[in-house]
Amino acid sequence: MKSLTLAELEDFLRSFASAYDLRAPIALPDGTRVLASLDQGPLALPGGPVDSKPTNVFFPQLDRVFTARPGEVEMQQSLSKPLLVVGLTAEDAESLAFTDEFFASEFRDDIYFNKRDQAVIIVLSGRCGKDGAFLKIAGGNCDLELVCDGQQYILVPRTETGRKLAARVEVGRENTSLPELERESDSLPTEDRDILEAASRLLQQDRVPEEFWREIADRCIACTACNLVCPTCTCFEVFDWKEGEAVARYRLWDSCQLAGFMREASGHNPMGEEHIRTRRRIHHKLAADPTRWGRISCFLCGRCDEVCPTGIGIKAVAREMVRRYG
Ligand code: SF4
Ligand code: SF4
């Protein structure tokens, strides 16, 4: 398989800029890495998961659904150029596959698929995490995977689209280190996954008492950061905004940690107490989603544990649950 140096890879990606709307990890002035277009900052491909919610490319924080004028409704249209999204991790790609399934079920969400259809996904894995940390190899859920051996990025197509992209490489050299990197990926620790699964079983068996959630909720300051970064959080609210003669309908991310999340027009609020909302944040991913979708909807991207200012991200809570009730 062919491999490229980082500089060659950056040139290769830039060569797609006329055919695609390219989104890749870039560094903001404060050092934050986000998925954005290349005019937003310098490329920062190595470094592991981007700080921002990676699925926001298809499900942005604020999205116009339609604009209504007298006698006319203008729906959101598909993009003029397909998106080429580079820099998801294996966990992000799993999260995206789950989000695709979510938005396609029962009612197909055109606003999401206006951006997602035709999009090309490129995962980064291998020795290109923060400070050279090894990132799990995805093996799928993307079109092309770039597996870093520490020096070079091996181009591993995962779909026909990925094969066509890889075939456009004009430079590059043969690289035989993929099998060794795959063995390293297979031997990565599974402790976090084991804890999450044990916590999921406890919740499904209803073995976690209300006092636990009251205690955890006492530490939540409702900053909503956990929801804002989570690639599988999909809740949104809808509002209308008058713009001259027109009215635009938008959707905006919501957070289950906010007091008004489920408040109804009557004032009744089925999640009016903080411990119920905290329980829901964890229970939804570890118990409700396995029942509905057949799998836990946390793919251990690590973001909520990274951003929670009070240390109650999902891994921390799952670990505590298993320690006390497992
Ligand atoms: S680790 Fe946290 S942010 Fe990441 S998928 Fe799981 S719940 Fe979401
Ligand atoms: S990040 Fe932590 S403190 Fe903030 S809303 Fe989420 S759980 Fe609560």
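This report describes two ligand sites and several residues of a predicted model.

**Ligand sites**

Ligand 1 sits in the second largest pocket. The shell around ligand 1 is made up of C230, P231, K285, C298, F299, L300, C301, G302, C304 and I314. By class, 8 of these residues are nonpolar, 1 is polar and 1 is charged.

Ligand 2 sits in the largest cavity. There are 13 residues around ligand 2, and those that come nearest are C220, C223, T224, C226 and C308. The shell around ligand 2 divides into 9 nonpolar, 3 polar and 1 charged residues.

L84 lies in strand β6, which covers residues 83-88. Because its relative accessible area is 0%, L84 counts as buried. With neighbours within four places in sequence left aside, L84 is in contact with F16, Y20, D21, L22, R23, V120, I122 and L165. For one of these residues, R23, the C-alpha to C-alpha distance to L84 is 6.1 Å, and the two are 61 residues apart in sequence.

S125 belongs to strand β7, residues 120-126. The relative accessibility of S125 is 0%, so this serine is classed as buried. The side chain of S125 makes a polar contact of 2.7 Å with the side chain of E145. E145 is also among the residues that S125 contacts beyond four places in sequence, and the others in that set are L135, K136, I137, L146, V147 and C148.

Two residues described here, Q118 and A119, fall in the loop between α3 and β7. Helix α3 spans residues 110-116. Q118 is not a glycine, but its phi is positive, near 75°. Q118 counts as exposed because its relative accessibility is 65%.

A119 is buried, since its relative accessible area is 11%, which is under the 20% limit. Not counting residues up to four places away in sequence, A119 touches F58, L83 and D143. Of these, L83 is 36 residues from A119 along the chain, and their C-alpha atoms are separated by 4.7 Å.

S200 is placed in helix α6, a helix that runs over residues 191-204. With a relative accessible area of 4%, S200 is buried. Beyond four places in sequence, S200 touches L286, P290 and I296.

D206 lies in the loop between α6 and α7, the latter covering residues 210-217. The phi of D206 is positive, about 55°, although D206 is not a glycine. D206 is classed as exposed because its relative accessibility of 59% is over 50%.

**Accessibility by residue**

The table lists the relative accessible area and the class of each residue described above.

| Residue | Relative accessible area | Class |
|---|---|---|
| L84 | 0% | buried |
| Q118 | 65% | exposed |
| A119 | 11% | buried |
| S125 | 0% | buried |
| S200 | 4% | buried |
| D206 | 59% | exposed |

Q118 has both a positive phi and an exposed position. D206 likewise pairs a positive phi with an exposed position.

Definitions and conventions
Residues are numbered from 1 along each chain as its sequence is written. Chains are lettered from A and ligands numbered from 1 in the order in which they are written. This is a predicted model: local features need pLDDT of at least 70, side-chain atom pairs count only at pLDDT 80 or more; totals for chains, interfaces and linings use all residues. Side-chain values use heavy atoms; hydrogens and water are left out. Helices (H or I, at least four residues) and strands (E, at least two) are DSSP runs, numbered from the N terminus. Buried means under 20% relative accessible area, exposed over 50%, partly exposed in between (1.4 Å probe, protein chains only). A polar contact is a pair of N or O atoms within 3.5 Å; within protein, one must be able to donate a hydrogen and the other to accept it, and residues adjacent in sequence count only if both atoms are side-chain atoms. Contact means heavy atoms within 4.5 Å. A residue is near a molecule or strand if one of its heavy atoms lies within 4 Å of it. On a 1 Å grid over the protein atoms alone, a cavity is a set of points where a 1.4 Å probe fits but cannot get out, and a pocket is an open set with protein on both sides within 12 Å along at least five of seven lines; lining residues have an atom within 4 Å of a point. A molecule sits in a cavity or pocket if more than half of its atoms lie within 2 Å of its grid points. Ala, Val, Leu, Ile, Met, Phe, Trp, Tyr, Cys and Pro count as nonpolar, Asp, Glu, Lys and Arg as charged, and the others, Gly among them, as polar.
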